Amino acid sequence: MRMQINEVSERYGLSKDTLRYYERIGLIPSVPRNASGIRNYDQESLNWIEFIKCMRSAGLTIDALIAYATLVQQGDATLNARKQLLIEQRDALMARMAELNESLERLNRKIQRYEDGEMSCVKNL
């Protein structure tokens with residue numbers, strides 16, 4: 001499957017500028033181009049975009065993704081480094097999820113207090 005930037009932008013909900021930026025900084029390695037120089041995304045490029053979207057939604061920074069993409073391009077000698085980077089990112093995500101769960105529990109308790117009629121004055125923040 002080959003797709004031009006307009007199709008990729010629409011399919012993945014990313015602006016064309018974002019796609020160009022990801023390519024420029026090395027997150028999407030070597031997007032093929034047609035004879036006219038127009039980007040012609042292949043399946044490998046699309047796989048990278050899907051991976052980037054997933055990892056960004058998980059909270060990975062652009063710097064972490066650049067480091068990972070760089071390691072991938074260096075070949076199998078970097079397998080352990082890639083795994084370690086992903087482990088570190090997973091651990092950070094798990095910590096964030098724990099914080100979010102704690103916040104969610106607090107919100108639920110607060111809402112329950114309103115529903116129970118316990119929140120009737122300002123001092124009950």
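**Helix H4 and its surroundings**

Modeller: This is a predicted model. Start with helix H4, residues 62-73. H4 has 12 residues and reaches 16 Å from its first C-alpha to its last, close to the 16 Å expected at 1.5 Å a residue. Its buried residues are Ile62, Ala64, Leu65, Tyr68, Ala69 and Leu71. They pack against helix H2 (16-24), helix H3 (43-57) and H5. Just after H4, Gly75 takes a positive phi of about 95°.

Now look across to H5. Leu85 sits in this helix, which covers residues 79-115. Leu85 counts as buried because its relative accessibility is 12%, and the cut-off is under 20%. Leaving aside neighbours within four places in sequence, Leu85 is in contact with Ala64, Ala67, Tyr68 and Leu71. Take Tyr68 from that list: 17 residues separate it from Leu85 along the chain, and their C-alpha atoms are separated by 7.2 Å.

H3 is another partner of the buried residues of H4. Ser45 is found in H3. Ser45 is buried, with a relative accessible area of 1%. Beyond its neighbours within four places in sequence, Ser45 is in contact with Ile28, Val31 and Pro32.

H3 also meets helix H1, residues 5-12. The two axes come within 12 Å and cross at roughly 30°. The crossing is right-handed. From H1, Val8, Arg11 and Tyr12 take part; from H3, Leu46, Ile49, Glu50 and Lys53. The residues of this contact divide into four nonpolar, no polar and three charged.

Next, the charged pairs. The structure holds four salt bridges. One of them joins Arg33 and Glu23, at 3.6 Å from N to O. Arg33 lies in the loop between H2 and H3 and Glu23 in helix H2, so the pair ties together parts that are 10 residues apart in sequence. Arg33 is partly exposed at 42% relative accessibility, whereas Glu23 is buried at 15%.

Glu23 also forms a salt bridge with Arg39, at 2.5 Å from N to O. This pair links distant parts of the chain, 16 residues apart: Glu23 in helix H2 and Arg39 in the loop between H2 and H3. Both Glu23 and Arg39 are buried.

Arg90 forms a salt bridge with Asp91, with the closest N and O atoms 3.4 Å apart. Arg90 is partly exposed, with a relative accessible area of 46%. Asp91 is partly exposed too, with 40%.

Notes
Residues numbered from 1 in each chain as written. Predicted model: local features only at pLDDT ≥ 70, side-chain atom pairs only at ≥ 80, totals over all residues. Heavy atoms only, no water. Helix = DSSP H or I, 4+ residues; strand = E, 2+ residues; numbered from the N terminus. Buried < 20%, exposed > 50% of the residue type's maximum accessible area, 1.4 Å probe, protein only. Contact = heavy atoms within 4.5 Å. Expected span 1.5 Å × (residues − 1). Axes fitted to C-alpha atoms, helices over the stretch in contact; angles between N-to-C directions. Left-handed = near helix turned anticlockwise from the far one by under 90°. Nonpolar A, V, L, I, M, F, W, Y, C, P; charged D, E, K, R; others polar. Salt bridge = Lys/Arg side-chain N within 4 Å of Asp/Glu carboxyl O.
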